[in-house]
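Here is a structure to read by questions. Each answer sets a value against a definition and then concludes.

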Amino acid sequence: MKLSLRKILLYILLFLLLVFIAFTTYYCIKGYSMYRYAVEQIPISRIMDDIRSREHFVSYYELPEIYINAVISAEDQRFDSHHGIDIPAIGRAIWIDIKTMSFAEGGSTISQQLVKNELFTQRKHIERKFAEVFAALALEREYSKEEIFEMYVNSIYFGSGFYGIYDASEGFFGKPPCELSDCEAVMLAGLPNAPSVYSPDVSPELAMQRMSVVLDRMVQYGVLTEQESDRIEADAGNMTIIHHAIPAAG
């Protein structure tokens, strides 16, 4: 009886494995087709050239180090070591999507988020997740980490109508990114997670809470000490947030 039960369980597990393989293969093929179609319409190189040509483009080496560290801590702590995808994070996101059928999980790496924003629609579905993987891998084959990072921060939305780190820095604090204080830089790093919610001129309390989350992650990943985090959070009490409209290009 026990042997039969083991066999039944083995067959069930084998069946579930085959279903998983078939499911993954199906969406992998659909995702690859979506990726190929997207890059045929708009090559990744054209997207990168377009971002670089925008007015007030800020290079990686013009960004404050604390801002770079804060973004990586908040969005993609293994950014410097992976090749476009974070396997544990991708597996977790896909599994949650399958279980909930809500497609709630977003891009898990900076590279995925960049290609998602520039190549694909924002409608969440499983094949787009696979398409992001193919696009992120292609992106990292052609561009350095510094180039990918600067493309990302020069194109993402920060809330209150500000796209890109320069406009967000000038718009919220009236200064270019290179002049940001530590607390200003950390606050900006946290906004793209939910810009309509955390925009500091709309919800300053929530923006401060998000900044605290980012600081906690920076301490957790060894980027800051507890003392440095406490000092930055204390300095945030004197931070002045404005809303300065950025003139349209041209």
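This is a predicted model: local features need pLDDT of at least 70, side-chain atom pairs count only at pLDDT 80 or more; totals for chains, interfaces and linings use all residues.

Q: Which residues of H8 are buried?
A: They are Ile165, Tyr166, Asp167, Ala168, Ser169, Glu170, Gly171, Phe172 and Phe173. Buried means under 20% relative accessible area, exposed means over 50%, and partly exposed lies in between (1.4 Å probe, protein chains only). Helices are DSSP runs of H or I with at least four residues, strands are runs of E with at least two, and both are numbered from the N terminus.

Q: Why is helix H8 called largely enclosed by the rest of the structure?
A: Helix H8 covers residues 165–173, and nine of its nine residues are buried, so the rest of the structure largely encloses it.

Q: What covers the buried residues of H8?
A: The cover includes H3, helix H7 (145–153), E1, E2 and helix H9 (182–190). Glycine 174 follows H8 and has a positive phi, near 70°.

Q: What makes the rings of tyrosine 32 and tyrosine 35 a tilted pair?
A: A search of the whole structure finds 10 aromatic pairs. The rings of tyrosine 32 and tyrosine 35 have centres 5.8 Å apart and planes at 55°, so this pair is tilted. Rings of Phe, Tyr and Trp (its six-membered ring) pair if their centres lie within 6.5 Å; planes under 30 degrees apart are stacked, over 60 edge-to-face, and the rest tilted.

Q: Why are tyrosine 32 and tyrosine 35 separated by about one helical turn?
A: Because they are three residues apart in helix H1.

Q: Is tyrosine 35 buried or exposed?
A: Tyrosine 35 has a relative accessible area of 8%, so it is buried. Tyrosine 32 is at 38%, so it counts as partly exposed.

Q: Why is the pair of tyrosine 60 and tyrosine 61 called edge-to-face?
A: The ring centres are 5.2 Å apart and the planes are at 80°, so the pair of tyrosine 60 and tyrosine 61 is edge-to-face. Tyrosine 60, at 19%, is buried. Tyrosine 61, at 69%, is exposed. Ring pairs link Tyr60, Tyr61, Phe79 and Phe149 into a cluster.

Q: Which residues does phenylalanine 149 touch?
A: Leaving out residues up to four places away in sequence, phenylalanine 149 touches Tyr60, Leu63, Tyr67, Ile68, Val71, Ile72, Phe79 and Ile110. Contact here means heavy atoms within 4.5 Å.

Q: How many residues does the largest nonpolar core have?
A: The largest nonpolar core has 61 residues, and Phe149 is among those with the most contacts inside it. H3 gives the most to this core, with seven residues. Such a core is a set of buried Ala, Val, Leu, Ile, Met, Phe, Trp, Tyr and Cys residues joined through side-chain atoms within 4.5 Å.

Q: Why is histidine 56 called partly exposed?
A: Its relative accessible area is 33%, so histidine 56 is partly exposed. Histidine 56 lies in the loop between helix H2 (44–52) and helix H3 (65–75). Its phi is positive, near 70°, in a residue other than glycine.

Technical notes:
Residues are numbered from 1 along each chain as its sequence is written. Side-chain values use heavy atoms; hydrogens and water are left out.
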